[in-house]
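Q: I'm new to this structure and would like to learn how to read it. Could you walk me through some features?

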Amino acid sequence: MTGDGVNDGPALRRADIGVAMGRGGTEVARQAADLVLQDDNLATVVAAIGEGRRIYDNIRRFLRYALSGGLAEVIVMLFGPFLGLGIPLLPAQILWVNMLTHGLPGVALGAEPADPGVLRRPPRSPRQSVLGQGLAAQIGWTGCVVAAAVLAAGIWAEATDRPWQTIVFATLGLAQLGLALVLRAPRRRGAGEGHFLNLAVAGALAAQLGAIYLAPLGELLSTDPLNLSDLAVVFAASAVPAAVVSVVNRCRGWATGITEEGVRR
């Protein structure tokens, strides 16, 4: 609700968000409102709504990214020993993966631009949970897919007498970096890609490989260098969760009539 007069006061007070004019509005309207528009320009309200939806969408993206990765780690640590992997990850390795995935890529996801159709969507209910609209279920199955790919790579490595713990460590880290690229905001057709997330993922990837091939980090994290064939398996296994999420999102978009730009057809 927007208003500027004395008679607008009750409506401004009862609205979910009351917006009063800062320059031409009365003192009653400003006191009753939740927000005061300093420039009296309604276009500022539209811009603020778009920015608020961008921030909310990015919070949900980060929650799916971070919580699905954390769930995958829990599943790997719980079920790995039952599958013959002993201790799948050491404490230092878990901390390293969390530092990389929740560091630059997580910050970059929070800085993603708004979806192209962000202002065409209907408003959401103020009583809706941030994990609503199926986000909790998405976190659950995404974490399970990541864990399945990591455990499959570890079981294969252990059965073929390869450094399975390093392969589990590398696959888990790279799988989460792949998810960051898949969960990013949609782009307008013909628009350039944002580079912040790309650079963040590239930096985290370099650090993850450094933890395997640099001797000081390898000694600190108890990792072993991987040969090219083992590294190829790691990249292949870590790409599976991103591919599954991408296909599911695309199919869900077509089923619900939502295009890649976030606009309903």
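Q: How close do the axes of H3 and H6 come, and at what angle do they cross?
A: Keep in mind that this is a predicted model. To read a helix pair, look at the axis distance and the angle. Here the axes of H3 and H6 come within 7 Å, crossing at roughly 45 degrees. That angle makes H3 oblique to H6. As for handedness, H3 passes H6 in a right-handed crossing.

Q: Which residues of H3 and H6 meet there?
A: Go along each helix and pick out the residues in contact. On the H3 side they include Arg60, Leu67, Leu71 and Phe79, and on the H6 side they include Leu135, Trp141, Val146 and Leu151. Sorted by class, the contact of H3 with H6 has 15 nonpolar, five polar and two charged residues.

Q: What about H6 and H7: at what angle do they pack?
A: H6 covers residues 135–159 and H7 covers residues 164–182; they pack at about 150 degrees, with their axes 9 Å apart. Angles over 145 degrees count as roughly antiparallel, and H6 and H7 are therefore roughly antiparallel to each other. Among the residues making this contact are Val146, Val150 and Trp156 of H6, along with Trp164, Leu172 and Leu179 of H7. The classes here are twelve nonpolar, three polar and one charged.

Q: How many residues does the largest nonpolar core have?
A: First the general idea: in soluble globular proteins, nonpolar side chains tend to be buried together. In this model the largest nonpolar core has 39 residues, and Tyr65, Val146, Phe169 and Leu172 are those with the most contacts inside it. Helices giving two or more residues to this core include H3, H6, H7 and H10. The largest share, ten residues, comes from H7.

Q: What does Leu172 touch?
A: Leaving out residues up to four places away in sequence, Leu172 touches Ala72, Glu73, Leu89, Val97, Val146 and Val150. There is also a second, separate core of five residues, which includes Leu12, Ala29, Ala32 and Ala33.

Q: How far apart are the C-alpha atoms of Ala111 and Val130?
A: Those two residues are 19 residues apart along the chain, and their C-alpha atoms are separated by 18 Å.

Methods:
Residues are numbered from 1 along each chain as its sequence is written. This is a predicted model: local features need pLDDT of at least 70, side-chain atom pairs count only at pLDDT 80 or more; totals for chains, interfaces and linings use all residues. Side-chain values use heavy atoms; hydrogens and water are left out. Axes are lines fitted to C-alpha atoms, for helices over the stretch in contact, and angles run from 0 to 180 degrees between N-to-C directions. Helices (H or I, at least four residues) and strands (E, at least two) are DSSP runs, numbered from the N terminus. Angles under 35 degrees count as roughly parallel, over 145 as roughly antiparallel, 65 to 115 as roughly perpendicular and the rest as oblique. Contact means heavy atoms within 4.5 Å. Ala, Val, Leu, Ile, Met, Phe, Trp, Tyr, Cys and Pro count as nonpolar, Asp, Glu, Lys and Arg as charged, and the others, Gly among them, as polar. A nonpolar core is a set of buried Ala, Val, Leu, Ile, Met, Phe, Trp, Tyr and Cys residues joined through side-chain atoms within 4.5 Å. Buried means under 20% relative accessible area, exposed over 50%, partly exposed in between (1.4 Å probe, protein chains only). A crossing is left-handed if the near helix is turned anticlockwise from the far one by less than a right angle, and right-handed if clockwise.
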